[in-house]
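Colleague: I would like to go through this model with you, one question at a time. Shall we start with the terms?

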Amino acid sequence: MRLNGKVAWVTGASSGIGAAVARELVRRGATVAISARRKEQLHDVAGGDMLVLPADVTDAAAVAAAAARVREELGPIDLAVLSAGYWKQMNPADWDTDLFDQHLRVNLTGMSNSIAAVLPGMLQRRSGTVAGIASVAGYRGLAGAEAYGATKAAQINLLESLRVHLARTGVQVKTVCPGFVRTGLTAGNRFPMPFIIDAGQAARSICDGLERDRTEIIFPAPMALLMKTARLVPARAWTALWARTSLT
């Protein structure tokens, strides 16, 4: 798809990948609306070049209202980039159900709410693209990512299921799986993050993938190859490989 001239709505756009994608879309000629909880940060990202619509993705009514405003002020939504995300490391020795549920609310229910806000209009027009930001962390289980990885695996499955279901409707569904990206979410990580890239590079990879009509947009290339290969490792061998991260 050509991004020039398209109407795009980006959720989770107050920082990180979402903010970088919004800026990259503007650079490529798209008309962009952005949403997230933090109004001041949204205005900083917009720089006067985007429609700012504060909304919490966990609030279905607020998300639906934001999408309606985009349509009213900018026109039909051609592209929805669903980038809202939450990450915090889990500790199995002190299992936190509230923390787990927060991952579900933001990463999974938030994506569902956003899809619900744009999909009916796209189906009616028989055109449009939903691009969901998942993660390579959804490919295999990793120590500390019990909540985050579970929601990312669910997002990958959700997006693939939706893509299959909509294959003959004219609506496209893209799965975006970044590796490690320098954002506020990863700033506090105290473990190695191989092949880490900046948010701007991630945004360029995402927009390149959209313009090249890729079904899956996975980057950077070394991380994509590593995690795709990891899917082939037997479960027993995978557990043994990561045994050093286990509780003692």
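Modeller: Buried means under 20% relative accessible area, exposed over 50%, and partly exposed in between (1.4 Å probe, protein chains only). This is a predicted model, in which local features need pLDDT of at least 70, side-chain atom pairs count only at pLDDT 80 or more, and totals for chains, interfaces and linings use all residues. Residues are numbered from 1 along each chain as its sequence is written, and side-chain values use heavy atoms, with hydrogens and water left out.

Colleague: Is Arg 28 buried or exposed?

Modeller: Arg 28 lies in the loop between helix H1 (16-27) and strand E2 (31-35); helices (H or I, at least four residues) and strands (E, at least two) are DSSP runs, numbered from the N terminus. Its relative accessible area is 18%. The cut-off is under 20%, so Arg 28 counts as buried.

Colleague: Which strands stand at the edges of the sheet?

Modeller: Seven strands form an open sheet with parallel pairing, in the order E3-E2-E1-E4-E5-E6-E9; two strands pair if DSSP finds at least two bridges between them. An edge strand here has a single partner, so one side is left without a neighbour in the sheet. The edge strands are E3 (51-52) and E9 (216-219).

Colleague: How far apart are the end C-alpha atoms of helix H5?

Modeller: H5 covers residues 146-165, 20 residues in total. The expected span is 1.5 Å times one less than the number of residues, which gives 28 Å for H5. The model agrees, because the end C-alpha atoms of H5 are apart by 28 Å.

Colleague: What covers the buried residues of H5?

Modeller: The buried residues of H5 include Ala 147, Ile 156 and Leu 159. Contact means heavy atoms within 4.5 Å. The cover includes E5, E6 and helix H4 (97-125).
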